[in-house]
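Here is my note on the model you sent. Please read it with the structure open.

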Amino acid sequence: MSTSLRINGKSHQVDLPDDVPLLWVLRDDIGLTGTKYGCGVAACGACTVHINGVAVRSCQTTLGDVDGDITTIEGLGAPDSLALIQQAWVDHQVAQCGYCQSGQIMQAASLLASNHSPTDADIDEAMRGNLCRCGTYPRIRAAVHSAALKLKEV
């Protein structure tokens, strides 16, 4: 079945069954490998992307469930023009092994889109479904606060 998708501002046509997880559509068919496979059951958040600006777990979202624009980590910013949250990640040296970072950043971007002044509790609540085996949670919180401050300046 042919399905039209709008991903990172570009239109894509895929010919896949509706029950294929969005994660595999993005990685295997579109070639956007920034979104990671973690647990496969929406428990770790490594596969987080946005649909219409809302963070979703792409491993548990099927192609047939997609209704709206998809944004992946590749669509958030570019290497020469990072999004504020990506720059905050660099500034605070959040990444260690880096595997979970695209999902972490996408979850944080979704939080900041709805809450421009998150408290520590807001950040902890929003990010609790995104696991980091390196334990960079204090750096993640600092990066989110930093990005929130910079968003107020824009």
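1. Basis. This is a predicted model: local features need pLDDT of at least 70, side-chain atom pairs count only at pLDDT 80 or more, and totals for chains, interfaces and linings use all residues. Residues are numbered from 1 along each chain as its sequence is written, and side-chain values use heavy atoms, with hydrogens and water left out.

2. Fold. The chain has six helices and five strands. These are DSSP runs numbered from the N terminus (helices H or I, at least four residues; strands E, at least two). The order from the N terminus is β-β-α-β-β-β-α-α-α-α-α. The radius of gyration is 15 Å, close to the 15 Å of the globule rule for 154 residues, so the chain is as compact as a globular protein of that length. That radius is taken over C-alpha atoms, and the rule is 2.2 Å times the number of residues to the power 0.38. The C-alpha trace spans about 45 × 30 × 25 Å along its principal axes.

3. Of the 154 residues, 43% count as buried. Buried means under 20% relative accessible area, exposed over 50%, and partly exposed in between (1.4 Å probe, protein chains only). Among contacts with a separation of 6 or more, 57% join residues 24 or more positions apart. Contact means heavy atoms within 4.5 Å.

4. Main core. The largest nonpolar core has 19 residues; I85, W89, A108, L112, I140 and V144 touch the most other members. Such a core is a set of buried Ala, Val, Leu, Ile, Met, Phe, Trp, Tyr and Cys residues joined through side-chain atoms within 4.5 Å. Two or more residues each come from α3 (84–91), α4 (101–114), α5 (120–127) and α6 (137–153). The largest share, six residues, is from α4. Beyond its neighbours within four places in sequence, I140 contacts W89, V94, Q104 and M127.

5. Positive phi. Most residues other than glycine have a negative phi. Two places to check follow. N8 has phi near 50° and sits in the loop between β1 (2–7) and β2 (10–15). At 24% relative accessibility, N8 is partly exposed. A42 has phi of about 65° and lies in the loop between α1 (22–30) and β3 (48–51). At 30% relative accessibility, A42 is also partly exposed.
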